[in-house]
Structure formats: C-alpha cells, structure tokens
Amino acid sequence: MPTLAADPLHDRFAAIVGARNAVSAASELRTYECDGLLGYRIRPRIVVLPATTEEVAACVQLASEHGLPIVPRGAGTGLSGGSLPVEGGIVIGTSRMTRILEVDLPNRRMRVQPGVINLDISKHLAPHGYYYAPDPSSQSVCTIGGNVAENSGGAHCLKYGFTVNHALAARVVLSDGSVLDIGARDGEADARGYDLMGVFVGSEGLLGIVTEVVVRILRKPQATRTIFGTFPSTDEAGAAVSAIISSGIVPAAIEMCDQLAIEAIVAATGVDWPLDVGAALLMDVDGVSVEVEHTADAAIALMRAAGAIEIRAPRDDAERLLMWKGRKAAFAAMGRISPNYHVQDGVIPRKDIAAVLREIAQLGRDAGLRIANVFHAGDGNLHPLVLYDQRVPGEEAKAEAVAGDILRVCLKYGGSVTGEHGVGRDKACYLGEQFSADDLDTMKLVRSAFDPQGIFNPDKVFPTPHLCGDRPGLYVPHPAELTGEAGRG
Amino acid sequence: MIETPSIAGVMPERTLVPADRRELAAIVRDLYAAGKTFAFVGGGTELDLGNAPRAIDTVVRTTALDRVIDYSPEDQTITVEAGMRIAALDAVLAQHDQLLPIDTGDRQNATIGGAIATNAFGARRHRYGSIKDLIVGIEFVRPDGVTAHGGGKVVKNVAGFDLPKLMVGSLGTLGGIASATFRVFPKPADTRAVLVRTSPASAFFDACMQDRSLEPSAVAHHPAQGGIVLTFAGLEASVEQQLAHLATLATTHAITVAALDRRALEMLAAAESAIRCSGAWRWTVSTNPVGARATVAPPVATTAEIGYPTFGVTLASAGDDVSIDALAATRGGAIVFRAMPQRARGRIDAWGEPPPSFPLMRALKANFDPKGLCNPGRFVGGL
C-alpha cells in the first residue's frame, strides 16, 4: 500500500468531491475505522464524502476502475460491522447528503437523500400530523441510507413493519458507476418486474449504494397509551407477552427488561422503576381512541392474569417519554453494572420467550456470567447482554462463547441469528448455521447480478474461511447513548 | 389425468404433478438437465397474465403440494406448501380465529404459490399491506433444480438477502415456489362495511382519509354500486364509534351512508370476483392514491382499491379492441394486462415498456436461469 500522504488516487477523488471531502490523512481516517461494532478496526485507504448522486457515481466508477473495494457508510451506528472498512479500500460516507428532496403528503410519500437522519423525517412531518414509522433505538443519529442497508427495525415495528415495508423506491449506484431507479415509481402500486427494492433493503451494502430513498409516511394515530407492568420473573412477563399476542391484540410495541436490565436502566437514567421485581414490560397501544382504551384495558387484564405485580401508566407525555428514554438507553446503561458486555441479537418464536430466557439464563450460570435481557418481546427479537470483565483472564472469550451459544438456542427454536442488527462482519460465520450452502449460493446469485466483481462491501455477510477465524469485538457505548439521547436495539 | 392448461395462449405438451416437494425438485432438475422448457402452475386462475411464453414443454402443477407444514396459532405464523388453495388455508386459520389477508379473485381455486408469484392483492391491502408485507419465509426450487430458502419462520429476521421478496410477483421465472411462511392475523372481533355514496374525487372521501378518528381496514371503489365501500374491523365498540363518526361526517357533507349486510357483502364479493376472473380483456391500472381518485373509470366493469399505501388499482373487463389499443398506446407503465384475446397477443405487450432497472432484472434472470428454460418470455421485457 502506498503511503497515504502520497496516495495518487487522493487527488482523483478530491477532483470529484472537493479537497475537503476526500480524506486520506491518517489522523482523520481514524473516525472511519469502525462502526458501532467497536472491536474491529480497519483503516480505509480513502474516505470520500460526496454530496450528489453524480458524485457518488463518479467515485464508484473511479474505485471500480482501480479495483478498490467500496464500503458505504451512513452514521456508523451499525452493530454488526457492516460499515467496517476493507483494507486498501474506500469508504463512501453519506454525511453530506442530508437534503429532503420532496414531501408528497397527499400520496404519503417523501423523497430524501440517504444521509437524512431517521428522526428528522418525523420531525419534518410533525407539523402536518404525519411520521415515519421504523424507529431504531439509534433513530436520533442513524441515517435513512443505513436503515435501508440494514432493514432497520425498532420497538414500534411490531405493528408497523420494518424499513423494507416503508422504503418504497430508491436511486442506487451500482458497482460499475451506473445509476438506476429501483422500486415502485410514483404512480405504480408495485414495481413491474422483480422486486429489486425488496431485496436491496437489508442487503447490508453488498449490492450498491443508495443516493435517494422514497419512504412511505403515515398519519399519526389518534391516540397512544403506554403501559408499564412489573412481574416476579421473566416467566410471568414472557407468558404475558404470549397471552397478549395470541389474544389478537396488536400492540404498537411491547418491550421487556429483566431484573438486571432494570437495575442498569434505573442507575443510568433515573427512572423510578422498582428494583425488587424480576421483569418489566413497556407497551404502547395506538390507533383510534376507543380501540386504544379497550385494547389497553384488555392487555392490562392479561398482564394481571399472567401474574403482574404492578401496572403503571405514565401521568403525562413527559413521563411517557422518560419511560421510552429508559428503554432506549438500556444497552449503554449496562456500563453501570458491568465493566464490559457483549450485545447479542437473535429472534425466536414469540410463544417460546419464557423457555428460551430460561435456557439463556442456564448458559450464563454454566459459564459463571450474568446475562441481562432487554428486548423487543412482541416480535420475539431478543437482545441478551452477556456481562463480563475484560480484566479477568478468559472471561471475554467465555462471554463470546456464551453469546454464540445463545444464537444456537435461537436457531434450535426455529429462529434467526439476527432480527435487526444485521450479519455484517460480526455474524457472517453464523449465517452458515442458519442457511444451507445452497441457500447462500442462491443469495450470491443475487449479489453477482448487482455486483459481478464483488467490489461492494466484500468480506461481509457471507461466511468465508478467512473471516471465520476472527474473533468478535467489544461494545463500548457512545456518550449520547449513556444520556439516553441515542440508543441501540 | 390432469388436463394441460394453455398458458397465455401457448399449449404445453404435458403436465407433471409432483407428489411432494422432493419430487418437485427432482422433476425440475431433470427438465433443466434435458433442456426442456417448463412453467409452474397452481390453481390456474391467472394463466392469461403476461405475454405468451416463447415455449413451454412441460407444466409442473403444484396442486398436490397442499399440506400445512407448520402452524403456530400462538405465534401467528403458518408455513404451507405452495399448492394449497387460499380457501383451504382460510379454513385452517379460521379454526383459530385467524386470517391471512390475501385477496384474490377466486379463493376456491387460487393457490398460495400462485398468489405469491402473481403478487395478488385487493382492498385489505390498505390495512395489512401486500404479500410482500406478510411473507416471512420461502422455499423454492431454482430453475436448475436446487432447493433454496430465504427468510425463516419468525416474524422479524434480517439474516441473509430477502429472497421471499424477490419471489413475490416474479411469475415463476426465477423458480417454482415449494412452500412459504406467513405472518397471520387475529380475526377482528367485529367487521362491518358501509357503502358511502360518493366518488373517490370528492372532498368527503378526502376528509375521511384524513380523519384520525377513522381507520378503515379496506377501501374500495365500486362504481356499479355508486360509491365507495369502507370496511371497519376491530373491537365492537371501536367499529361502532367509527361508524357513528362517519355518519356524523357524512351528514355535514350531505352524503348518504348505507350499511351493508352479509348478503350485500357476498354479492359485492361475487361481483368483484367476476370482474377479476372473467372477460376477454382484463387489465389493472396502477396509479398513486391521488391519481386513483381522479381517474375517470373506463366505460367497463371496474372495481378499485383506492386506499393507502401508495396504490390505487382498477381491475376492468370487457372493452373493444379499438379503445384498448388507444389505452395501451397512452398507458405509460401503469397498465398491466391480465388477460387479452389471442388475436391481440404479440400486438400488445402485457407489461408495457420495461422499467429503467430492467438491466438488473435481466442479469438476475440470467444468473438464476442461464439456459432460459423457466417460463421464458412471459414476464416483463421478455424475461
């Protein structure tokens, strides 16, 4: 690799995006060495920050001509290493592509550049009574382009669906620098031909990079009611979730925290949740007002029948927001009760929550490690946090092994190794445990149609012998997470 | 002996009916190895959709693949084989007061695999979304006979590329669907529908769609009935409140709202089914919600889904060649012909101009079906 200061390609990229927006100084590149998966760090060769589709296309073309791998990057909040640079490759960051291009309220669509922050879409729409539904915990900092790449979820996806259900169309730059519009064009119910948008969303930067996204926007519901319930243990809380879901209630969200998670959240955020309980559920019901009142009452009755200790309703909007802030700050709050922790993300059938949590607890006991749970219970998306102390020899490796075993428990119950954090670099080696070689081969047929040379985000998602010898990394919270400004999971 | 059906005007030589999914894969593998062209057929209710295939030697009929593989009512997911009829699936789910909100013209005959392959939808899309929003997993046999899976059995999953989405609406050109897993829904405690005597272009209809006190589960324009059918589903108290609110709103706009009883609804469903299943000419007009409301219905039988998100589709039948040629000439990309007389085939492309992303679609097809044997030529742009 040439020395960075003398990189002959720097000037070529700078000619496209402007000198200030082509980064190749070692000190500046450090910012881009990793995403939310902090255990892996790779310094890219050059980072470019284009402002337009044309600039992105020119950068991709130049990289492609020189055989440089390309890693797209939004806000860098991903938890699976999807934006981890590739040695000697370039990173295309979308941080300058922050324009809202079109708001079409009558058709409930909005067209934005990929660097627009998720929450800013809803803020922009709020005066009109509309919002954008997918709400990853990092929504105050993560970008819509990253959401498209990861098919981001969030607490309220239980009722409203994930990014893939809300991203209708996109302008994409492919590996040869060509620009194509995919998805349903305005005036089409569905794209004619193959659903390229459907397969692009969640492709983790392996198929190309988005430069415009058309999202569906929703009318704000008439009413929302939040319910907080505490339980003796996760058995009762899990049973309550199963009872609520199977009763036919479709809550906007149901989140579960176990005793350890409550302890951490209380310590970090000051919510007045009781510490002497085994689990808590935080639930939103929304819709037309009468439906909300009846549904909330029915859910409360089911919680009580399942053994709830106490049911609370927030007194006002401020308290409601505080409750949700507590939930969204949960991962980072773990720092209050453990020096280190490993964030896991897996999915199980919703009826098996209590049983799987018991198995996970057993894995923790066997390894001598504590495991906290704070997760999207309504859709069975677990986030076990394996707590450990890096200073204790062998404990980190033990935590990683337990985190891996948790994924195998998810698979044993017919689940998935990731519900929303993505495969990225982190879980490429587990993908082969969920899918057969033929399944993965078929996915690669899709990849090579979009990117025959594989220059977009190589060494991600698909298991390779090269990758699967590596060790997973550590999670260190961003300061904004500790304050509840932004969160994960 | 099953009769071999004609596919968009082309008569295949024979029909094979695999007894199970393993046999489905074996048949496809053998056909592909032998260089034979083939097409997958379920209930055969949409065989006129698309252009005439270049050739079809063999029809692979999936109707014997009609088993429920896994149904977990508590978890609200179901995995079924592709040949299961929609009505049969409805019956299985009804035992647990659940439903899969897929609307097709002919529930008795249409299969779940066919509904996926043709991306079938109707008025309930307003609340539940389309098959893309309901499907969580798929098993399919690639044109080369290799069985592949995507997605899974849980309702949330981002592991691997979203192959289920890719198969929805692909009209069997990337392989044959063997089974699929869906998210299912509780049957609402109460469902009631009303006919609102107004047009989709009216201020009243716009007011209804903007009103946060109203959350209809289905929105459909029935010109023959003289209005819009709004369906409300949910708890009884909620349905009642919404109907009362609608009535008040209607009074201020001097609009008539008529409750539809079970018999009226059955007649409406039958009329809609007839429009979707019969007629020498059938086409769908796809537009945005605003356009859907403004579109003047063609002078033929129509039914239209005019709710959100972002769709508004009219299904029509009858019509004469002259007016249809004019329609096709000015259609842009928004009209797809679902049936046309043999005499029109070749003259009118059922799909219209391929979309800008067509080069990618061609690359995908070439990767999945390098020999071009699987339903060749029937889909968009001759895929």
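Two strands count as paired if DSSP finds at least two bridges between them. The legends below describe a predicted model.

View 1. The predictor assigns the complex an ipTM of 0.93 and a pTM of 0.93. For chain B, the mean pLDDT is 89, and 88% of the residues of chain B reach 70 or more.

**View 2. Strands S8 and S10 of chain A.** Strand S8 of chain A covers residues 167-173, and strand S10 of chain A covers residues 209-216. The two run antiparallel and are joined by six bridges. One of the residues involved is Val173(A), whose bridge partner in S10(A) is Ile209(A).

View 3. Five strands of chain A make up an open sheet, in the order S5-S6-S10-S8-S9, with antiparallel pairing. At the edges are strand S5 (100-104) and strand S9 (179-183) of chain A, each of which pairs on one side only. From one strand to the next, the twist averages 15 degrees. Helix H3(A) packs on this sheet and touches S8, S9 and S10 of chain A. The direction of H3(A) makes about 50 degrees with that of S8(A).

**View 4. Domains 1 and 2 of chain A.** Chain A is divided into four parts: domain 1 (4-93), domain 2 (100-219), domain 3 (223-418 + 478-482) and domain 4 (428-469). Between the C-alpha centres of domain 1 of chain A and domain 2 of chain A the distance is 23 Å. Their contact involves 15 residues from domain 1 of chain A and 21 residues from domain 2 of chain A. On the side of domain 1 of chain A that touches domain 2 of chain A, helix H3 (53-65) and strand S3 (70-73) of chain A each supply at least two residues. H3(A) gives the most to this side, with seven residues. By class, this side of domain 1 of chain A has eight nonpolar, seven polar and no charged residues.

View 5. Chain B contains 12 helices and 18 strands. Of its 383 residues, 55% count as buried. Among contacts in chain B between residues at least 6 apart in sequence, 68% join residues at least 24 apart. The domain assignment of chain B gives domain 1 (1-186) and domain 2 (190-260). The centres of these two domains of chain B, taken over C-alpha atoms, are separated by 34 Å. Four residues from domain 1 of chain B and five residues from domain 2 of chain B take part in the contact. The side of domain 1 of chain B that touches domain 2 of chain B has one nonpolar, one polar and two charged residues.

**View 6. The side of chain B that touches chain A.** Here 70 residues of chain B are in contact with 75 residues of chain A. Several elements of chain B give two or more residues to this side: helix H5 (131-134), strand S8 (147-151), helix H6 (163-167), helix H8 (236-252), helix H10 (289-294) and helix H12 (358-368). H12(B) gives the most, with seven residues. By class, the residues on this side of chain B divide into 33 nonpolar, 26 polar and 11 charged.

Technical notes:
Residues are numbered from 1 along each chain as its sequence is written. Chains are lettered from A and ligands numbered from 1 in the order in which they are written. This is a predicted model: local features need pLDDT of at least 70, side-chain atom pairs count only at pLDDT 80 or more; totals for chains, interfaces and linings use all residues. Domain bounds come from an automatic or database domain assignment. Two residues are in contact if their C-beta atoms, placed from the backbone, lie within 7 Å. Helices (H or I, at least four residues) and strands (E, at least two) are DSSP runs, numbered from the N terminus. Ala, Val, Leu, Ile, Met, Phe, Trp, Tyr, Cys and Pro count as nonpolar, Asp, Glu, Lys and Arg as charged, and the others, Gly among them, as polar. pLDDT is the predictor's confidence in each residue, from 0 to 100. A residue is buried if 20 or more other C-beta atoms lie within 10 Å of its own, exposed if 12 or fewer, and partly exposed in between; C-beta atoms are placed from the backbone. Axes are lines fitted to C-alpha atoms, for helices over the stretch in contact, and angles run from 0 to 180 degrees between N-to-C directions.
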